Amino acid sequence: MERWNLSTDSETETAKLGFCLGALIDRPLIVLLSGDLGAGKTCFSRGLARGLGVPEEVPIASPSYTLMNSYRGRLELFHFDLYRLSEPDELLELGMEDYLPGGGVAIIEWADLFTGLAQQYLAVRLSHEGPERRHFECAAAGSPALNLLQRWRRQWHKNSAGIGYG
Ligand SMILES: Nc1ncnc2c1ncn2[C@@H]1O[C@H](COP(=O)(O)OP(=O)(O)OP(=O)(O)O)[C@@H](O)[C@H]1O
Ligand SMILES: [Mg+2]
């Protein structure tokens, strides 16, 4: 499994990092997000949604109470927050397994509360490094996700300053 570690120094930079990834997504994908309360998972998800083409005027709210919000971008986006789920059964009732092979992108906050959510995925683990600094550990399982991780890293190193979002 390939890994990429980096840090961001602001909410804006985290949103840009998400945007950079979203802009590169061209096929179905599962993004497993983990990290403490306030680590920046929703901020990152919002950036990803914009990069995937969800229009700026569509608010990307945290799905903490709804469990899942969906959006239409270049691909359909399903934004989950599993924090309040206690049983994996509820997940299946929610139909997660039905959404994913259908050509959409799923981004799942608190994915580490459950195991076996996916076999092929991009995993992003956030942690606090300071008031405005967050650490990211990114990893991929499966060759499409691995390929995407490599493109994401390259693109970020090449042009993070030029990403016009956030
Ligand atoms: N580098 C940074 N990246 C992201 N957010 C940051 C950063 N520095 C400070 N922040 C602040 O941290 C908070 C992140 O909130 P966000 O809702 O994205 O976290 P979360 O991980 O989704 O939390 P929750 O577990 O409650 O869903 C915001 O208030 C944001 O302004
Ligand atoms: Mg959140």
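In what order do the seven strands of the open sheet run? Keep in mind that this is a predicted model. The order is 1-7-6-2-5-4-3, and the pairing is mixed. Strand 1 and strand 3 sit at the edges, so to speak: each of them pairs on one side only. Going from one strand to the next, the twist averages 15°.

Let's zoom in on one pair. Strand 2 and strand 5 run parallel to each other and are joined over five bridges. Within this part, L33 has E109 of strand 5 as its bridge partner. Helix 2 packs on the sheet, where it touches strand 2, strand 3, strand 4, strand 5 and strand 6. The direction of helix 2 makes about 165° with that of strand 5.

Here is where some of the elements are found:

| Element | Residues |
|---|---|
| Strand 2 | residues 29-34 |
| Strand 5 | residues 105-109 |
| Strand 3 | residues 68-72 |
| Strand 4 | residues 76-81 |
| Strand 6 | residues 121-128 |

Now for helix 1, residues 11-24. Is helix 1 largely enclosed or largely open? Because 10 of its 14 residues are buried, helix 1 is largely enclosed by the rest of the structure. Among the buried ones are L17, F19, C20 and L21. What covers them includes strand 1, helix 2, strand 7 and helix 5.

Definitions and conventions. Residues are numbered from 1 along each chain as its sequence is written. Chains are lettered from A and ligands numbered from 1 in the order in which they are written. This is a predicted model: local features need pLDDT of at least 70, side-chain atom pairs count only at pLDDT 80 or more; totals for chains, interfaces and linings use all residues. Helices (H or I, at least four residues) and strands (E, at least two) are DSSP runs, numbered from the N terminus. The expected span of a helix is 1.5 Å times one less than its number of residues. A residue is buried if 20 or more other C-beta atoms lie within 10 Å of its own, exposed if 12 or fewer, and partly exposed in between; C-beta atoms are placed from the backbone. Two residues are in contact if their C-beta atoms, placed from the backbone, lie within 7 Å. Two strands pair if DSSP finds at least two bridges between them. Axes are lines fitted to C-alpha atoms, for helices over the stretch in contact, and angles run from 0 to 180 degrees between N-to-C directions.
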